[in-house]
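Biologist: I've got this one open on my screen and I'd like to talk it through. Can you take my questions in turn?

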Amino acid sequence: MQRSIRRAAAAIAVSVPLVLGAGVGTATAAPTTSELLVPVVTGPQFVPAGVPGGLIQTIPIRAVVGEKPGEVRFSAADIRPYYYQFNYRHLTVNWRNLSTGEAGSAGLRHWNDEIDRTQPANQGGSQAFRLPLEVTARTGTGPVFVTVTHDRENPDASNALIPGLGVLFVP
């Protein structure tokens, strides 16, 4: 008898909140931040056109999914301090949704721009400083294949020995 009373009390305790809507919520995943499996590996850096950091450098790429459905936010995981040769360098993110076939690309900087662009002496030359530090790609939901190249404007070509690579699942 006592067992059946306990079971009835437990059933009521569980049922009442569900009937009243307490404990019912919407399931949402928190945004997830990760780095692409393969970082960008830049080509040799020779003086006078090289940048500080060694002959061969890596640039890890950060990806954030889950902030909005079907979107990924990309940025360099380590923003570098300004160096004048960075004016001619930027990253290009290329992506393809493997479910839908949608594809796109966007440019971004991996370095801080600490130059006062209001001064006439600092207005010419490269346009890489106009690129953002992060970009949001509307990839759609599903698996997304990503490549990231390190590009130079002089000469106008990629100097990535190995492009950044990764596959993300975008909710």
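Biologist: What pattern does the protein follow, read along the sequence?
Modeller: Keep in mind that this is a predicted model. It has one helix and 12 strands. Read along the sequence, the order is α-β-β-β-β-β-β-β-β-β-β-β-β.

Biologist: Of the contacts between residues at least 6 apart in sequence, what share joins residues at least 24 apart?
Modeller: A contact here means heavy atoms within 4.5 Å. Take those contacts whose residues are at least 6 apart in sequence, then ask for a separation of at least 24; the share is 65%.

Biologist: How much of the protein is buried?
Modeller: Buried means under 20% relative accessible area. The protein has 171 residues, and the buried part of them is 34%.

Biologist: What does valine 72 touch, leaving out residues up to four places away in sequence?
Modeller: Val72 is among the residues with the most contacts inside the largest core. With those sequence neighbours left out, valine 72 touches Ala63, Val64, Val65, Val135, Thr136, Ala137, Thr139, Leu168 and Val170.

Biologist: Now the open sheet of four strands: which are the edge strands?
Modeller: The order is S1-S4-S5-S8, with antiparallel pairing. Neighbouring strands in this sheet are turned by 25 degrees against each other on average, direction ignored. An edge strand pairs on one side only, and that gives S1 (32-35) and S8.

Biologist: Which residue in S4 stands opposite threonine 32?
Modeller: S1 and S4 run antiparallel, joined by four bridges. Across from threonine 32 you'll find valine 65.

Biologist: Which residue in the turn of the S6 and S7 hairpin has a positive phi?
Modeller: S6 and S7 (residues 103-108) pair in the antiparallel sense over six bridges, and asparagine 94 stands opposite serine 105. Five residues sit between the two strands, and the one with a positive phi, about 85 degrees, is glycine 101.

Methods. Residues are numbered from 1 along each chain as its sequence is written. This is a predicted model: local features need pLDDT of at least 70, side-chain atom pairs count only at pLDDT 80 or more; totals for chains, interfaces and linings use all residues. Side-chain values use heavy atoms; hydrogens and water are left out. Buried means under 20% relative accessible area, exposed over 50%, partly exposed in between (1.4 Å probe, protein chains only). A nonpolar core is a set of buried Ala, Val, Leu, Ile, Met, Phe, Trp, Tyr and Cys residues joined through side-chain atoms within 4.5 Å. Two strands pair if DSSP finds at least two bridges between them. Axes are lines fitted to C-alpha atoms, for helices over the stretch in contact, and angles run from 0 to 180 degrees between N-to-C directions.
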